[in-house]
Amino acid sequence: MGVLRADRRQFLWNAIPWLTALGVLLLWQALAELDTQYLPERDVPPPTRIVHALASQARTDRFWSAVEQTLKGWSVGLALAFAVAMPLGIALGLSRPAFRGVRSLVELLRPIPGVTLLPLLVLLVGLGFELKLILVAVGAFWPLFLQSVYGVRNVEPVALEMARAYRVGPLSRFWRVVVPSAAPYVATGLRISATVALEVAIAVELLVGGKGIGTELGATSSSDRIPTMYAYVLTASLLGMVINVGARRLERRLLHWHASQRIVAAV
């Protein structure tokens with residue numbers, strides 16, 4: 001009996017986010033159908049019309065081509081950021097003097113939005129795929145870089161001293177002590193960077209054109225196809241959700257041995 005009650009409580013606990021989302025959608029549907037001056041149906045169509053518009057777009061090759069182009073820019077830019085940010089962050093995290101030397105430069109550059117580089121990059125590389133690739137990589141760089149730095153710097157000193165006491169070599173200490181301790185930080189940085197990369201890819205497409213979800217979103221907005229515009233917004237949201245959920249599951253699978261994942265699973 002107690003097990004059934006616990007399972008029921010767990011089911012209700014897991015259902016809370018979905019019930020909340022369903023309640024918001026039902027409220028939105030009801031308010032949109034009222035067509036008040038504060039929520040006119042023309043500007044804010046009900047969810048049913050948006051889903052219908054998305055289903056119509058999903059039957060076209062143009063829609064899937066846009067999704068493919070956005071994911072291409074996202075994946076290549078994220079891979080480039082990962083290839084640069086993680087090794088650089090680990091190297092600076094291992095060397096306290098080196099990190100102290102570049103810390104002021106990092107604090108100066110980090111708040112600068114990548115979009116501010118747009119005019120310069122347009123002059124240097126034009127309006128092609130390379131522009132989107134660079135801006136995505138720049139946007140995804142900082143979360144992964146900083147998490148890599150702090151992950152290495154937050155390695156437990158006692159563990160390092162114990163490894164030295166047992167005469168474990170530097171390379172072995174790195175793989176057996178530093179990497180396992182820093183891995184959760186790097187995984188969190190990668191998950192954040194993946195979401196940021198998608199946002200930047202769509203924003204660049206919206207601002208400068210080309211091919212992708214952002215371009216289609218701008219085109220439908222300018223042509224006054226409001227439900228279709230919301231359909232592309234919904235597509236971007238769904239892609240972001242899939243990327244975030246996928247990154248979390250990959251993180252749990254690769255770091256199942258870490259205490260942080262056991263705490264998440266318990267919650």
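## Basis of the model

The model is predicted: local features need pLDDT of at least 70 and side-chain atom pairs count only at pLDDT 80 or more, whereas totals for chains, interfaces and linings use all residues. Residues are numbered from 1 along each chain as its sequence is written, and side-chain values use heavy atoms, with hydrogens and water left out.

## Overall fold

The chain comprises 11 helices and zero strands. Both kinds of element are DSSP runs numbered from the N terminus (helices: H or I, at least four residues; strands: E, at least two). Of the 267 residues, 34% count as buried, where buried means under 20% relative accessible area with a 1.4 Å probe, protein chains only.

Among contacts with a separation of 6 or more, 70% are between residues 24 or more positions apart. Contact means heavy atoms within 4.5 Å.

## Helix α6 and its packing against α3

Helix α6 covers residues 129-153, and 18 of its 25 residues are buried.

Helix α3 (residues 61-94) packs with α6 at an angle of about 35 degrees, the axes being 6 Å apart. Such axes are lines fitted to C-alpha atoms over the stretch in contact, and angles run from 0 to 180 degrees between N-to-C directions. The residues of this contact divide into 23 nonpolar, seven polar and three charged. Here Ala, Val, Leu, Ile, Met, Phe, Trp, Tyr, Cys and Pro count as nonpolar, Asp, Glu, Lys and Arg as charged, and the others, Gly among them, as polar.

## Two buried residues

Leu 135 lies in α6 and counts as buried because its relative accessibility is 3%. Its C-alpha atom is separated by 7.8 Å from that of Gly 77, a residue 58 residues apart along the chain. Leaving aside neighbours within four places in sequence, Leu 135 is in contact with Gly 114, Leu 117, Leu 118, Leu 121, Val 200 and Val 204.

Thr 235 is placed in helix α10 (residues 226-254). Thr 235 also counts as buried, at 6% relative accessibility. With neighbours within four places in sequence left aside, Thr 235 is in contact with Leu 54, Phe 63, Val 67 and Ile 213.

Note on methods
Buried < 20%, exposed > 50% of the residue type's maximum accessible area, 1.4 Å probe, protein only.
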